[in-house]
Amino acid sequence: MANSQEVTVSYTARAMAAVRACESKRDDALFVDPFAQKLAGDEVVEKAITLTESYEKQGRPYSQVRTRFLDDFLLNNLGNSLQVVLLGAGLDTRAYRLNLPDNLRFYEVDQEDVIVYKNQILANEQPRCDRRSIVADLGASEWVNLLLAAGFKPEEPTIWILEGFIYYLTEEQAISLMAKIDELSAKESRLGCDLINNVVCNGSDDWASMWQFGCGVPEDFFARCGWQTKTVVQPSDPEACFGRFTFQFPPREDQDGIHIFFAAAVELG
């Protein structure tokens, strides 16, 4: 059953798990994910080895520093909240690999093939918190009611994580999604994500054909959606490079240059 499901599950999700598996084997690993290898599958991990080595030589281990940045974002905000929501969760394993409180409600929302596959592969593993998986189409509005039905409490502060997700939406869908998040978020809720500008979105990268939403000024995007940014950095900045991302982005004032952002925002009520 797991093997047949593996054929249909999102390749993007498995590729990201493969990058985490490769990172976990490094002596200077930014994180260790003991579940990534079996989630990705040996064949996908093998393909990822050459690619991750190439990006490392270029000083661009993007997925690795992004994972670590959002790991730290989550752990640093745990004192403020007892519920976390991952939208477009993919094959994320934070509920299993991070040191989280037992009573933390950890909601993972994604399409059916991804959720079913992950639940099958990790069926014998024990999450470190109260993990709750939700099958939903994030391009529609049904996910809100499904989240509430799963026990989500909008009156409590929430930690939202949108990792490698927003730029797959259209601008209209991104604004609509943020509006729904804002409606569900109590004061002092936090949101962490990554964003790309239009130059990257319309670039020649193989992945770019799937990207739709570019954001050149994250502060304006979040303000438009009712949130205040606390952090906006590029992966090459000292706060986000972790000694590994050495490729240098142009200054933010250069709107014609390529820009990728890690952002954290707060709902002030």
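Helices here are DSSP runs of H or I with at least four residues, numbered from the N terminus. By that numbering, L51 lies in helix 4, which spans residues 42–57. The model is a predicted one.

Buried is taken as under 20% relative accessible area and exposed as over 50%, with partly exposed in between. L51 has a relative accessible area of 46% and is therefore partly exposed.

With a relative accessibility of 12%, T52 counts as buried. Residues up to four places away in sequence set aside, T52 touches V19, C22 and Q64. The C-alpha atoms of T52 and A18 are 9.4 Å apart, and the two residues are 34 places from each other along the chain.

T67 is part of helix 5, residues 62–76. This threonine is buried, its relative accessible area being 5%. When neighbours within four places in sequence are left aside, the contacts of T67 are R20, F31, R94, R97 and E163.

| Residue | Relative accessible area | Class |
|---|---|---|
| L51 | 46% | partly exposed |
| T52 | 12% | buried |
| T67 | 5% | buried |

**Helix 2 against helix 5**

The axes of helix 2 (residues 11–24) and helix 5 come within 10 Å and cross at roughly 85°. Helix 2 is therefore roughly perpendicular to helix 5. On the side of helix 2, the contact is made by M16, V19, R20 and E23, and on the side of helix 5 by S63, Q64, R66 and T67. Sorted by class, the residues of this contact are two nonpolar, three polar and three charged.

**Helix 7**

Helix 7 covers residues 112–121, and its buried residues are V114, I115, Y117, K118 and I121. An α-helix has 3.6 residues a turn, so residues three or four places apart point the same way.

In helix 8, W143, V144 and L147 are buried. Seen down the axis, these buried residues fall within an arc of 105°, so they line one face of the helix. N145 and A149 are exposed on the other side of helix 8. What lies over the buried residues of helix 8? The cover includes strand 1 (83–87), strand 2 (105–110), strand 3 (130–135), strand 4 (159–162) and helix 9.

The axes of helix 8 (residues 142–149) and helix 9 (residues 171–184) come within 11 Å and cross at roughly 30°. The two helices are therefore roughly parallel to each other, and the crossing of helix 8 and helix 9 is right-handed. From helix 8, W143, V144, L147 and L148 meet L177, K180, I181 and L184 of helix 9. The residues of this contact divide into seven nonpolar, no polar and one charged. Just after helix 8, G151 adopts a positive phi of about 110°.

Methods: Residues are numbered from 1 along each chain as its sequence is written. This is a predicted model: local features need pLDDT of at least 70, side-chain atom pairs count only at pLDDT 80 or more; totals for chains, interfaces and linings use all residues. Side-chain values use heavy atoms; hydrogens and water are left out. Buried means under 20% relative accessible area, exposed over 50%, partly exposed in between (1.4 Å probe, protein chains only). Axes are lines fitted to C-alpha atoms, for helices over the stretch in contact, and angles run from 0 to 180 degrees between N-to-C directions. Angles under 35 degrees count as roughly parallel, over 145 as roughly antiparallel, 65 to 115 as roughly perpendicular and the rest as oblique. A crossing is left-handed if the near helix is turned anticlockwise from the far one by less than a right angle, and right-handed if clockwise. Contact means heavy atoms within 4.5 Å. Ala, Val, Leu, Ile, Met, Phe, Trp, Tyr, Cys and Pro count as nonpolar, Asp, Glu, Lys and Arg as charged, and the others, Gly among them, as polar. The arc is that of the directions from the helix axis to the C-beta atoms.
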